[in-house]
Amino acid sequence: MSRATREAYRDTLLPLLARHPELICLDSDTGLFSADHAAAAGEQYLNLGIAEHNLMGMAAGLAACGRVPFVNTMAAFAASRALEAIKIDIAYNRLPVRIMATHGGLAAGHLGPTHQALEDLAVLRVLPGMTVVVPADAAATEAFVEQSLNVPGPLYVRLGRKPSPPLPAGPPPVIGRAQTLRQGGDVVLAACGPYPVLACLAAADALAGHGVEATVLNLHTLRPFDTDTLVAAARPAPLVVTVEEHWRGGGLGGAVAEALAEAAPTRVLRIGVPDRFVDTVGNQEHLVDHYDLTAERVVRTVRTALDTAALSGTTI
């Protein structure tokens, strides 16, 4: 059943607040918490209004006093408007602030480029000590919110807006550990986030029909990055293809390329949003199709690379 990751976060956090008095939820008027939700949280919920920079500063102050803040904002504002406070107040001091960033990627496509977050993973994953996680479905979100209680230092979680389909059954999602959703020795498909991971799974099914067996990795944690699992999958394969709802630079594709360049040099092809501001307005599904972050494109990319190598008689 499709369910929004942001709603899964809220519904998991509320009972945790009741069991852990040190937790507190700070909101920036996102509308995620209704009056009933706020009443259930009581004094452990504060809506500070649309003031994202102040939101992070207050979260840092509360964390320095022993609280564990969960901060609700939109991903575009966390990665830009509030970045200085995240860098200096939170990350520099290694404080346990949980930044729960909704409307990640193209999820706010109906609001235009000001509200789209296509740079957040690149920006947040370079901050020292910052854990960066992208749940691919509601179940993973629930698991990560509960696991976050044991994560030292700051945490950034990229959430969606609308319901998205659940992943097929697989290994339990654990922060810092890649999920291997399918095994194959011909190519590695690596993704993060709901639509990219589903696209890779569908592409793997289609490629199998062409005699190409793909490993599919859900690399939901960009930091700390599970290099060991990636390298083990990539060593026997001549090609790694990454898919993400993010600009091609600096995000998951960058993390994969960096890790493999140092540990197991392999050809990496990155599929993401082109290097320009989005000039099309539409819902997330429309923009994902418009920018061809699809299973069909993954299949084309893999088959073209493999066919070209075969024709030239070279390895990829």
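In this predicted model, the axes of helix H1 (residues 5-19) and helix H7 (residues 138-147) come within 8 Å and cross at roughly 35°; axes are lines fitted to C-alpha atoms over the stretch in contact, with angles from 0 to 180 degrees between N-to-C directions. The crossing of H1 and H7 is right-handed, the near helix being turned clockwise from the far one by less than a right angle. Thr5, Ala8, Tyr9, Thr12, Leu13 and Leu16 of H1 make the contact (heavy atoms within 4.5 Å) with Ala138, Thr141, Glu142, Val145 and Glu146 of H7. Helices are DSSP runs (H or I) of at least four residues, and strands (E) of at least two, numbered from the N terminus.

Gln44 is in the loop between helix H2 (35-41) and strand S2 (45-47). Gln44 is buried, with a relative accessible area of 16%; buried means under 20%, exposed over 50%, and partly exposed in between, with a 1.4 Å probe and protein chains only. A polar atom of the Gln44 side chain lies 2.9 Å from the backbone oxygen of Leu23.

Residues are numbered from 1 along each chain as its sequence is written. Local features need pLDDT of at least 70 and side-chain atom pairs pLDDT 80 or more, whereas totals for chains, interfaces and linings use all residues, and side-chain values use heavy atoms, with hydrogens and water left out.

Conventions:
A polar contact is a pair of N or O atoms within 3.5 Å; within protein, one must be able to donate a hydrogen and the other to accept it, and residues adjacent in sequence count only if both atoms are side-chain atoms.
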